[in-house]
Amino acid sequence: MNIIEAMKERRSVRSFDGEGLTDEQKAKLNKAIEESYSPFGGKLTIRLKEFDLKEGYKPSTYGMISGAEDFFLLGIGSDEASALTAGFQFEQVVLKAWQLGLGTCWIAATFKGSDFEKGEQWPEGEELKVICPVGKAVKPSMKEKLTRLTLGSKNRKPFNDLFFYNDFNTPVPTDNRFYEALEMLRIAPSSTNSQPWRALVVDNSVHFYYKPKSPASVLDTGIGICQFYETEKFYGHSGNFSKLTSVPTPPEDWKHLVTYTAE
Ligand SMILES: Cc1cc2nc3c(=O)[nH]c(=O)nc-3n(C[C@H](O)[C@H](O)[C@H](O)COP(=O)(O)O)c2cc1C
């Protein structure tokens, strides 16, 4: 399965088979962690950890996740760069997991004092802010189906409500070089499916903005930008991210994050 197929097929998985990962799967996921990368700086530590269900650990405390034994734990710094990096870098691992036939579900919350915090030390300035179960998916439970329905997880906002060309009123032409990469960004996962990402294409640059919707909006936008960048790479394109001092002033309360310029 190539990366484009993985992005199109991936969905959040909350019901797992209770079997746990094999050593081979763990090795592959740890390699994916090692190979994941971010150009945005900040502080991020990704760990894969097994929890023994028999030891009294109760994943059910965290809502509708069932049958998961293995979790990624993310220690993330408190600044904007760390949030952007966490989204951009960990989504690479999520997509790799899907390519290996394994489901995941990003869960961003406070885990202070929870079983997930026990025995974990994080580098200076980092805190456990995201956990993510990983394993073989089984048929979604009724609870999971309801969650998906409530969040409208199957749906995404229309392309032309999110992405613009030259000014904030003109749609991106379908033959534009960035069209498909933006489409892959559009279908990315986000907390409560909030899709805070916005973008403006000008010549060979894409200015990325976000509409602040929750504390996870920058992280969400990092996930979307990962899917954009993976598409660029897949088609053999290259480019660089930079934080420009002067960018087109967006409407409303959107905030500029980074600009991608094609080489
Ligand atoms: C940063 C982040 C945090 C999330 N937190 C939760 C969560 O706490 N509980 C949950 O059930 N789903 C969570 N999700 C999953 C989203 O609800 C899901 O990605 C969205 O509804 C789109 O559905 P899909 O991933 O199946 O495409 C989170 C997703 C992201 C990206």
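How far is the sulfur of cysteine 226 from the closest cysteine sulfur? The separation is 13 Å, to the sulfur of cysteine 132, which is too far for a bond. The structure is a predicted model, in which local features need pLDDT of at least 70 and side-chain atom pairs count only at pLDDT 80 or more, while totals for chains, interfaces and linings use all residues. Residues are numbered from 1 along each chain as its sequence is written, and side-chain values use heavy atoms, with hydrogens and water left out.

A search of the whole structure returned 0 disulfides, a disulfide being a pair of cysteine sulfur atoms within 2.5 Å. Cysteine 132 takes part in none, its nearest cysteine sulfur, that of cysteine 105, being 6.8 Å away. Cysteine 132 is buried, at 0% relative accessibility, and cysteine 226 is also buried, at 0%; buried denotes under 20% relative accessible area, exposed over 50%, and partly exposed in between (1.4 Å probe, protein chains only).

Glutamine 89 belongs to helix H3 (residues 80-99); helices are DSSP runs of H or I with at least four residues, numbered from the N terminus. Glutamine 89 is buried, with a relative accessible area of 15%. Apart from neighbours within four places in sequence, glutamine 89 is in contact with Ser36, Tyr37, Ser38, Leu44 and Ile46, where contact means heavy atoms within 4.5 Å.

The ligand is surrounded by 21 residues, the closest being Ser12, Arg14, Arg148, Ser153 and Arg156; a residue is included if one of its heavy atoms lies within 4 Å of the ligand. A polar side-chain atom of arginine 14 lies 2.7 Å from a ligand oxygen atom, and one of serine 153 lies 2.7 Å from a ligand oxygen atom.

Technical notes: Helix = DSSP H or I, 4+ residues; strand = E, 2+ residues; numbered from the N terminus. Polar contact = N/O pair within 3.5 Å; in protein donor to acceptor, adjacent residues only side chain to side chain.
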